[in-house]
Amino acid sequence: PVCMRLRAAHPKLAIEIVANVHLVALRSEGFDLAIWAGEVRDPDLVCRKLAVGHVGLVASPGYLQRRGAPDSVAALASHDLLRGHNSRNQPRTWWPLLPSGRARVDGTFVTNDHALLLAAAVQGQGIALLADLTCEAALANGQLRRVLEHQVGNDAVVSVIVAQRALLPLRVRVVIDALLESQPLVR
């Protein structure tokens, strides 16, 4: 919705969106800005917080009926786990525990495409770790249910990130302002 409003208000503004599971090198890869969920450790980057979003486990009702809902983190080992990629674009080998810690995970389905991960979960292929932003509609309409919601997951800060520079180009300022003025991206 933010992009559509920007296009309507600024028809000459060129918008190119690239989806990645790793934080791009803004300067060397030629990006004006990034929207990133997670920690940023590079001191040459300027971050503006947009929202805080939850990441947790989900599965379809059909999968849970067929395989049963896990009652503990240890029980995940006997389930089909649908894994995404980490920020280094490698298959995730752990999921975050609440309030802290990690659980080692393995599984035969791995993708760096969140839409594909969501589709696999909705189709009953297993349990996935997904951001609420990715699966909110499927949760709301009953296609997915939360799994171990008080044991596995975390909150991630969603930020807009730019490389430090003396003057921010107007095209970048317009996009950042639109993002900050919009409704929160996630909870």
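Biologist: In which strand does Ser 159 lie?
Modeller: In this predicted model, Ser 159 has a relative accessibility of 7% and counts as buried. Leaving aside neighbours within four places in sequence, Ser 159 is in contact with Ala 34, Ile 35, Trp 36, Cys 47, Arg 48, Lys 49 and Leu 50. The strand in which Ser 159 lies is E9.

Biologist: How many helices and strands does the secondary structure of the chain come to?
Modeller: The C-alpha atoms of the chain, taken along the principal axes, fill a box of roughly 55 × 35 × 25 Å, and of its 187 residues 39% count as buried. Among the contacts with a separation of 6 or more, 71% are accounted for by residues 24 or more positions apart. The secondary structure of this chain comes to 6 helices and 9 strands.

Biologist: Against which strands and helix do the buried residues of H5 pack?
Modeller: Helix H5 covers residues 132–140, and its buried residues are Asp 132, Cys 135, Ala 138 and Leu 139. Seen down the axis of H5, these buried residues fall within an arc of 130 degrees, so they line one face of the helix. The face turned away from that buried side carries the exposed residues Ala 137 and Ala 140. The elements against which the buried residues of H5 pack are strand E2 (45–59), helix H4 (114–122), strand E7 (127–131) and strand E8 (145–147).

Biologist: Which residue with a positive phi follows H5?
Modeller: The helix in question spans residues 132–140. The residue that follows H5 has a phi near 85 degrees, and this residue is Gly 142.

Biologist: Why do the buried residues of H4 line one face of the helix?
Modeller: In H4, the residues Leu 117, Leu 118, Ala 120 and Ala 121 are buried. They pack against strand E3 (81–83), strand E6 (109–110), E7 and H5. Seen down the axis of H4, the buried residues line one face because they fall within an arc of 160 degrees.

Biologist: Which residues does Val 147 touch, not counting residues up to four places away in sequence?
Modeller: Val 147 is one of the residues that touch the most other members of the largest nonpolar core. With residues up to four places away in sequence not counted, Val 147 touches Leu 57, Val 58, Ala 59, Leu 64, Pro 70 and Ile 127.

Biologist: How many residues does the second, separate core have?
Modeller: Among the residues that this second, separate core includes are Leu 33, Val 174, Val 175 and Leu 179. The number of residues in this core is 14.

Biologist: Is Leu 148, which has a positive phi, buried or exposed?
Modeller: Leu 148 lies in the loop between E8 and strand E9 (153–163). Its phi is positive, at about 45 degrees, although Leu 148 is not a glycine. With a relative accessible area of 11%, Leu 148 is buried.

Biologist: What is the distance from the nearest cysteine sulfur to that of Cys 47?
Modeller: The structure holds 0 disulfides, and Cys 47 is accordingly in none. At 37% relative accessibility Cys 47 counts as partly exposed, whereas Cys 135, at 1%, counts as buried. For Cys 47, the nearest cysteine sulfur is that of Cys 3, at 19 Å.

Biologist: At what distance from the ring centre of Trp 94 does the charged end of Arg 102 sit?
Modeller: The count of aromatic pairs comes to 0. Arg 92 lies over the face of Trp 94, at 5.4 Å from the ring centre. The charged end of Arg 102 also sits over the ring of Trp 94, and its distance from the centre is 3.8 Å.

Terms used: Residues are numbered from 1 along each chain as its sequence is written. This is a predicted model: local features need pLDDT of at least 70, side-chain atom pairs count only at pLDDT 80 or more; totals for chains, interfaces and linings use all residues. Side-chain values use heavy atoms; hydrogens and water are left out. Buried means under 20% relative accessible area, exposed over 50%, partly exposed in between (1.4 Å probe, protein chains only). Helices (H or I, at least four residues) and strands (E, at least two) are DSSP runs, numbered from the N terminus. The arc is that of the directions from the helix axis to the C-beta atoms. Contact means heavy atoms within 4.5 Å. A nonpolar core is a set of buried Ala, Val, Leu, Ile, Met, Phe, Trp, Tyr and Cys residues joined through side-chain atoms within 4.5 Å. A disulfide is a pair of cysteine sulfur atoms within 2.5 Å. Rings of Phe, Tyr and Trp (its six-membered ring) pair if their centres lie within 6.5 Å; planes under 30 degrees apart count as stacked, over 60 as edge-to-face and the rest as tilted. A charge sits over a ring if NZ of Lys or CZ of Arg is within 6 Å of the ring centre and within 35 degrees of the ring normal.
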